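Have the model open beside you, and try each task before reading its solution.

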Amino acid sequence: MRPNAAKQLLRAGKPSVGTWLSLGSITASRFLARVGFSWLTVDIEHSLVDWETATHMFAAIAEGGCVALARVPANRHDHIKRVLDNGAHGVVVPMVNSRQEAEEAVAAMLYPPHGNRSVGGSVHALNFAATPQDYYARANDELLKVIQCEHIQAVENADAIFSVPGIDAIFVGPNDLAASMRSKDNKPPSAQATKEAMDHILKTCKKHKVPAGLHCYSAEEALTRIEEGWQFIAIGSELRMMLTAAGAEIKKLGSVATTLANY
């Protein structure tokens, strides 16, 4: 059975860098799987990606030698089971705010006796280059289990959540975290308040020896975060990369681009 390379990096204390896929493009997934990212996350929470498309994207990523992760729409047993049965190498579970929710998420990813994932599916073993028998025997050890800390309630409960056995990484969603910290009169949190929350997350992850992860906007920010001790790093998304590169080329055209835009 093919080992989960992203999980191996995290266990070794090394950074693991990937990006988010939100456009639902199977072809783009094939190419990005060969760029050098440790993993690619198919975002099924905030995108148009449906279950069938996600299945083909998992296959394209796995075929390219990369680790295919899925962010499910919600922390539900049926969502988690479905992406795993259709070939995901791991799951990113959004908005986990309590120990019970974290325990339920981990249990849904594991076969008995360690969890309550039901036995089924047909294509999951293919993405691990395994037989079904090998998959059932070793999936618990190779699947990457990522819990999102993206609400101030999760920060407050970090000690209880991060100490749940079986979690492979904690991943911060900065936008949702900041939104949950807005005041009653809708003012955003101060830079100091945001820093204190992030520091607490990182410190608690280190306390429980769980890799800390974060969504970054650039490689430069990712390198800074890695120096701070963050390991599970996402850089933007395929959409952001496309728009950034296209925008940079258009900017080089200067007045010609203005003429084209007004034509």
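**Exercise 1: the second largest pocket**

The second largest pocket has a volume of about 240 Å³. (A pocket is an open set of points on a 1 Å grid over the protein atoms alone, where a 1.4 Å probe fits, with protein on both sides within 12 Å along at least five of seven lines; lining residues have an atom within 4 Å of a point. Points are joined across faces, edges and corners, and a volume is the space filled by probe spheres set on them.) This is a predicted model, where local features need pLDDT of at least 70 and side-chain atom pairs count only at pLDDT 80 or more, while totals for chains, interfaces and linings use all residues. Residues are numbered from 1 along each chain as its sequence is written, and side-chain values use heavy atoms, with hydrogens and water left out.

Task: find which element gives the most to the lining of the second largest pocket.

Solution: 
1. Start at the centre: of 17 lining residues, Thr 194, Lys 195, Met 198, Leu 214 and Arg 225 lie nearest.
2. Next, list the elements that supply at least two residues each: α9, α10 (191-207), β7 and α11 (219-228). (Helices, H or I with at least four residues, and strands, E with at least two, are DSSP runs numbered from the N terminus.)
3. The top contributor is α10, with six residues.

**Exercise 2: the largest pocket**

Task: find which residues are closest to the centre of the largest pocket.

Solution: 
1. The largest pocket holds about 420 Å³ of space.
2. Among its 19 lining residues, Trp 20, Arg 71, Pro 174, Asn 175 and His 215 are the closest to the centre.
3. As for elements, α9 (174-180) gives the most to this lining, with three residues.
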